[in-house]
Amino acid sequence: MRRLTPAFTLFVAACATAPQKPPPPATVVTPSPQRSSGLLGLSSSELVQRFGNPALQVREGAGLKLQFRRRGCVLDAYLYAPPQGGVERVAHIDTRYPTGADANPQSCVAALESP
């Protein structure tokens, strides 16, 4: 029996799986800063002053969505109040063509500002 113990140990060790390599570290994707053409931080009254009355105004939970449309461009501005309270301000914008394809934010803002 004593002779079988080392042989049995070697047999069991041979059946064990090889140590696995640790997975490669996960790559962290950092979103690129949003090019907003200076719209981030504006209030709804400042947007109206800049673009005129919105074509659409929708209350979505704690936020407000204002949509401006003109010259083949659609701009959605999402406004939220700061955590400490106060006036809702633009936190995010989306720009697109009427077809739904993404539009360059600077070009869209320029199209909305032109008479």
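This passage describes the fold of a predicted model, then two of its residues.

Residues are numbered from 1 along each chain as its sequence is written. In this predicted model, local features need pLDDT of at least 70 and side-chain atom pairs count only at pLDDT 80 or more, while totals for chains, interfaces and linings use all residues; side-chain values use heavy atoms, with hydrogens and water left out.

The chain has an average pLDDT of 82. This score is the predictor's confidence in each residue, from 0 to 100. A score of at least 70 is reached by 70% of the residues. Over residues 28-34, pLDDT stays under 50. For that stretch the model has four contacts beyond four places in sequence, a contact being heavy atoms within 4.5 Å. Where pLDDT is low, the predicted coordinates should not be read in detail.

The secondary structure comprises three helices and four strands. Helices (H or I, at least four residues) and strands (E, at least two) are DSSP runs, numbered from the N terminus. Along the sequence the pattern reads α-α-β-β-β-β-α. The chain has 115 residues, of which 25% are buried. Buried means under 20% relative accessible area, exposed over 50%, and partly exposed in between, with a 1.4 Å probe and protein chains only. Of the contacts between residues at least 6 apart in sequence, 43% join residues at least 24 apart.

The four strands form an open sheet in the order 1-2-3-4, with antiparallel pairing. Two strands pair if DSSP finds at least two bridges between them. Strand 1 and strand 4 (89-96) are the edge strands, each with a single partner, so one side of each has no neighbour in the sheet. From one strand to the next, the twist averages 20°. Axes here are lines fitted to C-alpha atoms, for helices over the stretch in contact, and angles run from 0 to 180 degrees between N-to-C directions.

Strand 1 (residues 56-60) pairs with strand 2 over five bridges. Leu56 has Gln67 of strand 2 as its bridge partner. These two strands form a hairpin with two residues between them. In the turn, Gly61 has a positive phi of about 60°. Strand 2 and strand 3 pair over eight bridges, and Leu64 stands opposite Leu79 in strand 3. Strand 3 and strand 4 pair over seven bridges. Here Val74 stands opposite Arg96 in strand 4.

Helix 2 (residues 44-51) packs on the sheet and touches strand 2, strand 3 and strand 4. Its direction makes about 5° with that of strand 2. Helix 3 (residues 105-113) lies across strand 2, strand 3 and strand 4, and runs at about 100° to strand 3. Strand 2 is largely enclosed by the rest of the structure, because six of its eight residues are buried.

Lys65 belongs to strand 2 (residues 63-70). Lys65 is buried but has no salt bridge. A salt bridge is a side-chain nitrogen of Lys or Arg within 4 Å of a carboxyl oxygen of Asp or Glu. The nearest side chain of opposite charge is that of Asp76, 4.1 Å away. Lys and Arg count as positive and Asp and Glu as negative, while His and the chain ends are not counted. Beyond its neighbours within four places in sequence, Lys65 contacts residues including Leu56, Val58, Glu60, Asp76 and Tyr78.

Arg71 lies in the loop between strand 2 and strand 3 (73-80). These strands form a hairpin with two residues between them. Arg71 is not a glycine, yet has a positive phi of about 50°. With 54% relative accessibility, Arg71 counts as exposed.
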